[in-house]
Structure formats: C-alpha cells, structure tokens
Amino acid sequence: MKEIMLVRIDERLLHGQVITGWTKVKKINTILIIDDESANNQFTKRLLMAVAPKDMKVIIDDFANGLAYLSDQSGDDKIMILVKTPKVILDLLNNSIEINEVILGNMSANADRKRLNKNVSVTEEEKNDLKEIINHHCNVYLQMVITDKKEDVAKLLK
C-alpha cells in the first residue's frame, strides 16, 4: 500500500535540501511532483530528473495524473509529494487524499505576495488556501531544512 511520508510546498520543487535531508530521514523511495507546468515541459522534466537521486523513483505529473496515482493504492511506495502552491494540496484534500501534515518551504516574494517570514510570501488566495488546508485538520508548518525548528503557519496567518 502506498504511503504519503511527506508533503512539501516549495516553488523550487526538487533541490539539494530535499534530496539530502528529507528523503533520507523519512525513508522515501518515491518523489511525486504534481505541477501542470513542469509535467508539460520536457526541458523542465529533464532538469528535475537530472538532479534526482538515481535510486529514487521520480514521477512528474499534472494534477489529474498525480491524483490518479495517489488514488491507486497498489504498490509499496513511500511518497514525498512536492508542489509549488497550496492550491494543489487543497485540491488533493478536496479529492479525498489524506494528508495530515504539510511543510511550507520556499515561496518567494513578488508584487502580489505579502511576506509571512523571510523565505515565504503568499498572495491573498494562497493565504486563504493555507487556511482551508488547516481547516481540513492538516498541520501546516514552516521548515526550510530538516534541522530547522517547525514554525506553525496557523499562527502566522492570523
């Protein structure tokens, strides 16, 4: 049976911190990137696959295919889900995918986003999506690297 070991929102998706820290500690054997743009861009897919550990199964899917993969419980995958925005997590929850905890990683500042902390900025829509995720009884916290202390996002959204 598939098991979701870790869910992370990070606009960089797959990078060194994810590879060296999270995958080893959480005993992950499968990385599922759910991102419509990346799934439909062969260059981006090749880049992501190039940085992925060779012993790790990496799946880069659009939302519909990612949802189908997670809904099919066959196999013994220990999964890390990586997404760029909270909306994807909220949509998974609204489609009956059980997620208990979400790590909020890097979401960089831009003209439409307001800063939550030094590494995370959100639009009003992203803020509302995070609140909805929390309303699904899902713990959401900031943690850039695995050695950082967890910071409760609910407190930052008030």
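**Close-up views of the predicted model**

**View 1. A lysine in a loop.** K27 sits in the loop between helix 1 and strand 2. Helices (H or I, at least four residues) and strands (E, at least two) are DSSP runs, counted from the N terminus. Residue numbers start from 1 along each chain as its sequence is written, and side-chain values rest on heavy atoms, with hydrogens and water left out. Keep in mind that this is a predicted model: local features need pLDDT of at least 70, side-chain atom pairs count only at pLDDT 80 or more, and totals for chains, interfaces and linings use all residues. K27 has a positive phi of about 55°, although it is not a glycine. Most residues other than glycine have a negative phi. Is K27 buried or exposed? K27 is exposed, since its relative accessible area is 64% (exposed means over 50%, buried under 20%, partly exposed in between, with a 1.4 Å probe and protein chains only).

**View 2. A serine with a positive phi.** Move along to S96, in the loop between helix 5 and strand 5 (101-104). Here is another residue other than glycine with a positive phi, near 70°. S96 has a relative accessible area of 68%, so it counts as exposed.

**View 3. An aspartate and an asparagine from another part of the chain.** D55 is found in the loop between helix 3 (42-51) and strand 3 (57-61). With a relative accessible area of 69%, D55 is exposed. N29 is 26 residues away from D55 along the chain, yet 7.9 Å separates their C-alpha atoms.

**View 4. Strand 4 and its partners.** How many of the 6 residues of strand 4 (residues 78-83) are buried? The count is 5, so strand 4 is largely enclosed by the rest of the structure. Strand 1 (residues 3-9) pairs with strand 4 in the parallel sense, over 6 bridges. Strand 2 (residues 30-34) also runs parallel to strand 4, joined by 4 bridges. (Strands pair if DSSP finds at least two bridges between them.) Pick out I79 in strand 4: I4 stands opposite I79, and T30 stands opposite I79 too.

View 5. Step back and you'll see an open sheet of 7 strands in the order 3-2-4-1-5-8-9, with mixed pairing. Strand 3 and strand 9 (151-152) are the edge strands, each pairing on one side only. Strand 1 and strand 5 run parallel and are joined by 2 bridges, and R8 is placed opposite I103 in strand 5. L142 stands opposite E151 of strand 9.

**View 6. The largest pocket.** The largest pocket holds about 360 Å³ of space. Of its 20 lining residues, E3, I4, E98, I99 and N100 come closest to the centre. Which elements give two or more residues to the lining? They are strand 1, helix 4 (63-71) and strand 5. Strand 1 gives the most, with 5 residues. A pocket is an open set of points on a 1 Å grid over the protein atoms alone, where a 1.4 Å probe fits, with protein on both sides within 12 Å along at least five of seven lines; lining residues have an atom within 4 Å of a point. Its volume is the space filled by probe spheres set on the points, which are joined across faces, edges and corners.

View 7. In total, the protein has 7 helices and 9 strands. Of its 158 residues, 47% count as buried. The C-alpha atoms fill a box of roughly 40 × 30 × 30 Å, taken along the principal axes. As for confidence, the mean pLDDT (the predictor's confidence in each residue, from 0 to 100) is 91, and 99% of the residues reach 70 or more. Where is confidence lowest, and where is it highest? Helix 1 (residues 16-25) has the lowest, with a mean of 76, while helix 5 (residues 86-94) has the highest, at 98. Where pLDDT is low, the predicted coordinates should not be read in detail.
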